[in-house]
Structure formats: C-alpha cells, structure tokens
Amino acid sequence: MIIRIFKATIPKKLHNEFEVKFKEISVPIVNNYEGFISLEIARPTKWNSNQFVMISRWEKEDDLINFAGDKWNEAHIPEGMEKYIEKCSVSHYENIDLPV
C-alpha cells in the first residue's frame, strides 16, 4: 500500500471557501479511482495555521499512475482549486504493516 500526503497552504481569508470546495471537488475525484483504499482530509490547527492536508491510501503504484499520471510524485490540482493554493507539496510512503 502507498500512502499519499498532499499538503496545501491556503490564505486565511479563503479557508472557509476552500474547505467547501475541497470536499465538493477534490474528494469525489480521488474516490472514483480503482485501487483507492481510503481518504482523510484535515484543516489547519494553531500549529500550522494555513495548511490543509489530504491523506489517501492506494493499493499499488499503478493505481497512483492511473490517478495522477506518470508524474504522480507531483501535486495534482483539480480544475477550480488553483485559485486557493499559495503553495503545495505531495509525499509518498510505503505502508509498514503493524503486528496484530
């Protein structure tokens, strides 16, 4: 399993509007791909006051390629979301199974 962590810095004045669009635009796009396992999104706290995050889990690398293309190691910004993002990054990790 591959864990994809997308982080986006959003200006404070756009937080409420971005959060609505994050749920309405970004979440449905990710949910519709084969190999998608799970998704979590989160808003800023006082410790990172402008950073939103999306954590998705994927079965294998080919599933990420199907979702984001050959450059799946780069952030994928859906149409209509560009205006909110000051900067963003994406990181990927292979899951380490924990003993039961």
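**Helices, sheet and core**

Author: In this predicted model, glycine 69 comes after helix 2 and has a positive phi, near 90 degrees.

Reader: Which residues of helix 2 are buried, and within what arc do they fall?

Author: The buried residues of helix 2 are Asp63, Leu64, Phe67 and Ala68. Viewed down the helix axis they line one face, because the buried residues of helix 2 fall within an arc of 110 degrees.

Reader: What covers the buried residues of helix 2?

Author: Helix 2, residues 61–68, packs on the sheet and touches strand 1, strand 3 and strand 4. Its direction makes about 35 degrees with that of strand 1. The cover over its buried residues includes these strands and one further element, the list being strand 1, strand 3, strand 4 and helix 1.

Reader: In what order do the strands of the open sheet lie?

Author: The sheet has four strands with antiparallel pairing. Strand 2 (36–42) and strand 4 (87–94) are the edge strands, as each pairs on one side only. From one strand to the next, the twist averages 15 degrees. The order is 2-3-1-4.

Reader: Which residue of strand 3 is the bridge partner of alanine 8?

Author: Strand 1 (residues 2–9) pairs with strand 3 (residues 51–58) in the antiparallel sense, over eight bridges. Within strand 3, the partner of alanine 8 is phenylalanine 52.

Reader: At about what angle to strand 3 does helix 1 run?

Author: Helix 1 comprises residues 15–31 and lies across strand 2 and strand 3. Its angle to strand 3 is about 10 degrees.

Reader: Which element gives the largest share of the largest nonpolar core?

Author: This core has 21 residues, of which Ile10, Phe18 and Tyr84 touch the most other members. Strand 1, helix 1, strand 3 and helix 2 are the elements that give two or more residues to it. The largest share, four residues, comes from helix 1.

Reader: With which residues is phenylalanine 18 in contact, leaving aside its neighbours within four places in sequence?

Author: Phenylalanine 18 is one of the residues that touch the most other members of the core. With those neighbours left aside, its contacts are Ile10, Phe52, Met81 and Tyr84.

Reader: What is the radius of gyration of the protein?

Author: The elements run β-α-β-β-α-β from the N terminus on. The globule rule gives 13 Å for 100 residues, and the value for this protein is close to that, so the protein is as compact as a globular protein of that length. Its radius of gyration is 14 Å.

Notes
Residues numbered from 1 in each chain as written. Predicted model: local features only at pLDDT ≥ 70, side-chain atom pairs only at ≥ 80, totals over all residues. Heavy atoms only, no water. Pairing = 2+ DSSP bridges. Axes fitted to C-alpha atoms, helices over the stretch in contact; angles between N-to-C directions. Contact = heavy atoms within 4.5 Å. Buried < 20%, exposed > 50% of the residue type's maximum accessible area, 1.4 Å probe, protein only. Arc of directions from axis to C-beta. Core = buried A, V, L, I, M, F, W, Y, C linked by side-chain atoms within 4.5 Å. Rg over C-alpha atoms; globule rule 2.2 N^0.38 Å.
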